[in-house]
Amino acid sequence: MNLISRVAMWGLLLCFPLGANAVEADQGFEVGIGLVCNSEAQVQRLLTLQSAGQPLDAAIQLINDEDHDPTACSLVAIAFMRGKEVSVVPAPGGQMKITQITIVAAQTPFGWQRVPGLQQYTAIFEKLEEA
């Protein structure tokens, strides 16, 4: 995978609040499309696989297979509230902040459905300013 593809993949990996698809509401809720996992370790593993050149869909499938859980990690459209940042992983042009989130609604084939406060983890890209 060439450098441009890797940078694009990192940028698209998780663009929840920083991407064009995100909206912040008055109540502190944010809406976005991106990756969520059941644990910080799963997000760490996914970022490691991505940095090694593994395609996103293959990395998600590998983690789900390793954990014997078909929904351990997935790409979703959700409404959520940010929780604490638990760790930071360097990324091309910035860093990925692994963050605990609380999902309050998810987009389904039947429209948006409320979720009763589901705790998950995601990685949010933060661009670093050049010195």
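Is cysteine 73 buried or exposed? Cysteine 73 is buried, at a relative accessible area of 1%; buried means under 20% relative accessible area, exposed over 50%, and partly exposed in between (1.4 Å probe, protein chains only).

The model shown in these views is predicted, with local features needing pLDDT of at least 70, side-chain atom pairs counting only at pLDDT 80 or more, and totals for chains, interfaces and linings using all residues. Residues are numbered from 1 along each chain as its sequence is written, and side-chain values use heavy atoms, with hydrogens and water left out.

**View 1. The chain and its secondary structure.**
Three helices and five strands make up the secondary structure of the chain. Helices (H or I, at least four residues) and strands (E, at least two) are DSSP runs, numbered from the N terminus. Along the sequence their pattern reads α-β-β-α-α-β-β-β. The chain has 131 residues, of which 38% count as buried. Among contacts between residues at least 6 apart in sequence, 57% join residues at least 24 apart; contact means heavy atoms within 4.5 Å.

**View 2. The disulfide of cysteine 37 and cysteine 73.**
The structure holds one disulfide, a term for a pair of cysteine sulfur atoms within 2.5 Å. Cysteine 37 and cysteine 73 form this link, with their sulfur atoms 2.0 Å apart. The link is right-handed, with 115° about the S-S bond. Cysteine 37 counts as buried because its relative accessibility is 0%.

**View 3. Helix α2 against helix α3.**
Two packed helices are described by the angle between their axes and the distance between the axes. Here the axes of α2 (residues 40-51) and α3 (residues 56-66) come within 9 Å and cross at roughly 140°. Axes are lines fitted to C-alpha atoms, for helices over the stretch in contact, and angles run from 0 to 180 degrees between N-to-C directions. The angle makes α2 oblique to α3; angles under 35 degrees count as roughly parallel, over 145 as roughly antiparallel, 65 to 115 as roughly perpendicular and the rest as oblique. On α2, the contact is made by Gln42, Arg45, Leu46, Leu49 and Gln50, and on α3 by Leu56, Ala59, Ile60, Leu62, Ile63 and Glu66. These contact residues divide into seven nonpolar, two polar and two charged. Ala, Val, Leu, Ile, Met, Phe, Trp, Tyr, Cys and Pro count as nonpolar, Asp, Glu, Lys and Arg as charged, and the others, Gly among them, as polar.

**View 4. Alanine 41 in helix α2.**
Alanine 41 lies in α2 and counts as exposed, at 56% relative accessibility. The C-alpha atoms of alanine 41 and isoleucine 98 are separated by 9.7 Å, with the two residues 57 apart along the chain.

**View 5. Lysine 84 in strand β3.**
Lysine 84 is found in β3 and is exposed, at 54% relative accessibility. Leaving aside neighbours within four places in sequence, lysine 84 is in contact with Ile98, Thr99 and Gln100. Glutamine 100 is 16 residues from lysine 84 along the chain, and their C-alpha atoms are separated by 5.6 Å.

**View 6. Histidine 68 in a loop.**
Histidine 68 sits in the loop between α3 and β3. Its phi is near 50°, a positive value in a residue other than glycine. With a relative accessible area of 75%, histidine 68 is exposed.
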